Amino acid sequence: MEEAKEAGIPVILSDRQMKVSDDSLYECWVGGNFIKEGETAGQWVADYLEEKGRGEEEINLVTIQGTIGASAQVGRTEGFGNIVEQHDNWKMLDMQSGEFTQAKGQEVMESFLKSYDDIDVVVCENDNEAFGAIDAIKAAGKTCGPEGDIIVISFDSVKAAFEAMIAGDLNATFECNPLHGPRVDEIIKKLEAGEEVEKIQYVDEAYFDTSMDLESIMAERAY
């Protein structure tokens, strides 16, 4: 990055952030707002419980975290935690890393189910962990999804997450939009025109749940 700066070449960071002593080494960063993703997920759970007449119930939650220290894990944990703090009737029973994988997600969920008799909500910090958690829940003789015992939510919104929602296993998925190209292209053009660009640039992100026309949405998505 220092060599690029000395050569007068602008550096644009995409997705992962970097810890540098001099942030003038890069022009800007483009990526997802992981804290906002977590907060959006937490608010969705609050609204969903209210809609189901469970807004005042004691709610037990567990979190299958991503790889500890990854920016997505840090932001999603913090963001969801901000919403948990707003609800005195919510109790986060446990948080363990599923390392963003299906196998580890299943392993962690199996451990949670052995340790806690009454789990209401499972927060998976990516879709793959949710697929593993769903397998563990079913293997334990419990049910999940909109008609099940346990609410399961996840992050990323890959195609298989839509399939899991359509199958009735997953309640909602919160997007981590990988389509950074259009924003980066826009930034490059501005830099070439000599314009200033904002240092931090978030891509647009949405969420999807089983109340939506998932088949139609999935058909139009690029991932």
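Trp44, Tyr48, Phe155, Phe174 and Tyr207 come together in one aromatic cluster. The model is a predicted one. Across it, the count of aromatic pairs comes to 8.

One of these pairs joins Trp29 and Tyr202. Their ring centres lie 5.7 Å apart and their planes meet at 85°, so the pair is edge-to-face. Trp29 is buried, at a relative accessible area of 2%. Tyr202 is partly exposed, at 38%.

A second contact involves two members of the cluster, Trp44 and Phe174. Here the ring centres are 6.2 Å apart. The planes stand at 75°; angles over 60 degrees count as edge-to-face, so this pair is edge-to-face. Trp44 is placed in helix H2 (residues 34-51) and Phe174 in strand E7 (residues 172-175). The pair therefore ties a helix to a strand across 130 residues of sequence. Trp44 is buried, with a relative accessible area of 8%. Phe174 is buried as well, with a relative accessibility of 1%. Both values fall under the 20% limit for burial.

Charged side chains also meet aromatic rings. The charged end of Lys199 sits over the ring of Tyr26, at 4.3 Å from the ring centre. Arg221 is placed likewise with Tyr223: its charged end sits over that ring, 4.4 Å from the centre.

Note on methods
Residues numbered from 1 in each chain as written. Predicted model: local features only at pLDDT ≥ 70, side-chain atom pairs only at ≥ 80, totals over all residues. Heavy atoms only, no water. Phe/Tyr/Trp six-rings, centres within 6.5 Å; stacked < 30°, edge-to-face > 60°. Buried < 20%, exposed > 50% of the residue type's maximum accessible area, 1.4 Å probe, protein only. Helix = DSSP H or I, 4+ residues; strand = E, 2+ residues; numbered from the N terminus. Lys NZ or Arg CZ within 6 Å of the ring centre and 35° of its normal.
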